[in-house]
Amino acid sequence: MPQSPSLPKYLQEDDISQECRDLLPSLPREQGWVGTSLHLYQGFWVGPRYLKGALAYQRHFKARDPDILLVTTPKSGTTWLKAILFALLNRTKYSGSGLQRQHPLLSQNPHDLVPFLELKLYLEQDVPDLASLPPPRLFATHLSYQSLPQSLRDSSCKLVYSCRNPKDTFVSLWHFANKLRSKDKGENLLQESLDRFCRGVSLFGPYWDQVLGYHKVSSETPEKMLFLKYEDMKENPCANLRRLAGFLECPFSEEELREGTVDEILRLCSFDNLSGLEANKSGKLVSGEENKSFFRRGEVGDWVNYLSVDMAERIDHVVEEKLHGSGLRL
Ligand code: A3P
């Protein structure tokens with residue numbers, strides 16, 4: 001049965017390509033967190049609409065050496081890092097008090113300024129015109145490393161990866177999914193969601209597979225990929241922003257350091273500043289998600305307010321087991 005056009009786009013699950021329709025029946029299927037279903041494609045769980053975007057992106061995206069790709073696990077602070085990367089790369093364009101007042105981050109949501117490849121660009125159009133964008137082009141993705149288009153892996157473009165401790169990631173995802181679900185479906189129960197997360201069934205999960213894949217790439221090719229953690233960004237934002245600038249070969253000059261450019265960027269992109277802007281308090285993405293749904297508490301350790309000791313131990317146990325021997329601690 002065709003879905004109502006009054007549904008937000010992100011819930012219009014029948015808006016998919018024939019290729020996607022043909023592929024879906026052959027893929028393992030689970031109940032969705034936001035939409036009706038998730039499907040296991042190339043080892044990660046994805047809803048039908050985003051599968052359509054992922055297929056087009058894999059087929060058509062041509063990376064260029066100066067490109068910068070932000071890769072994240074959902075709910076690991078993607079919105080924050082999009083803002084930081086945008087502000088960092090455009091800092092000379094918007095320096096000086098007059099220009100600062102016109103900064104695009106003051107009037108647009110970071111997801112509009114740094115688009116997702118599979119969730120936006122290749123969803124809205126099979127072959128979007130990205131060739132005319134000036135370098136460095138800045139995009140985002142949630143796809144696992146082995147599913148990135150070959151040209152991205154072969155090019156010398158830089159990847160910035162961010163993840164977050166699994167308990168906060170889970171709690172953030174649970175809240176986000178409940179906000180986005182259509183009201184008639186009711187909320188996801190916490191315990192059921194935890195079961196699914198611990199079985200690896202989460203958006204673009206299994207969580208640990210994505211994290212481990214990128215951790216390996218960053219260990220083997222540190223010049224290609226910078227591995228960041230939300231907790232480290234929160235604990236020492238200045239040092240990590242400077243690290244990011246160095247990695248992207250646009251380090252802060254002595255003059256910028258003296259003038260406080262690092263602090264300026266961090267202030268602009270802070271949770272309090274971004275979440276308090278009218279553009280983020282109201283308004284929606286083209287796909288229908290409310291801008292405010294990307295800002296909740298923005299804290300480390302909020303999981304204690306939702307998970308029982310048993311629930312927390314369960315996540316810890318699964319993740320420790322999966323990460324065993326990798327040298328990575330989350
Ligand atoms: P919480 O739900 O724990 O508050 P993503 O951007 O990947 O969807 O992640 C969303 C999480 O990042 C949410 O976490 C959100 O509140 C937090 N977040 C959004 N903007 C932030 C910012 N500027 N600084 C720190 N955290 C931020």
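Modeller: Let's start with the naming: helices are DSSP runs of H or I with at least four residues, strands are E runs with at least two, and the numbering starts from the N terminus. This is a predicted model, where local features need pLDDT of at least 70, side-chain atom pairs count only at pLDDT 80 or more, and totals for chains, interfaces and linings use all residues. Residues are numbered from 1 along each chain as its sequence is written, and side-chain values use heavy atoms, with hydrogens and water left out.

Biologist: OK, where does glutamine 42 sit, then?

Modeller: Glutamine 42 is in the loop between β2 (37-41) and β3 (44-46). Its phi is near 50°, a positive value in a residue other than glycine.

Biologist: What makes glutamine 42 partly exposed?

Modeller: Buried means under 20% relative accessible area, exposed means over 50%, and partly exposed is in between (1.4 Å probe, protein chains only). Glutamine 42 comes out at 39%, so partly exposed is the label.

Biologist: And why does glutamate 249 count as exposed?

Modeller: Glutamate 249 has 59% relative accessibility, which puts it in the exposed class. Glutamate 249 lies in the loop between α12 and α13 (254-259), and its phi is also positive, about 60°.

Biologist: Which peptide bonds are cis here?

Modeller: One joins proline 135 and proline 136, with omega about -5°; proline 136 is in the loop between α6 (117-124) and β5. Another runs from glycine 205 to proline 206, with omega near 5°, and proline 206 is in the loop between α9 (190-198) and α10.

Biologist: Why is histidine 215 called buried?

Modeller: Histidine 215 has a relative accessible area of 16%, so it falls in the buried class. It is found in helix α10 (residues 207-220). Beyond its neighbours within four places in sequence, histidine 215 is in contact (heavy atoms within 4.5 Å) with Phe227, Ser326 and Leu328.

Biologist: How do you know that β4 and β5 pair?

Modeller: Pairing takes at least two bridges found by DSSP. Strand β4 (residues 68-72) and β5 share four bridges in the parallel sense, so they pair. Isoleucine 68 stands opposite leucine 138 in β5.

Biologist: What is the strand order in that open sheet?

Modeller: The order is β5-β4-β6-β7, with parallel pairing. β5 (138-141) and β7 (225-229) are the edge strands, each pairing on one side only. From one strand to the next, the twist averages 20°. Axes are lines fitted to C-alpha atoms, for helices over the stretch in contact, and angles run from 0 to 180 degrees between N-to-C directions. Helix α12 (residues 237-247) lies across β6 (158-163) and β7, at about 165° to β7.

Biologist: Which helix gives the most to the shell around the ligand?

Modeller: Helix α3 (residues 78-89), with three residues.
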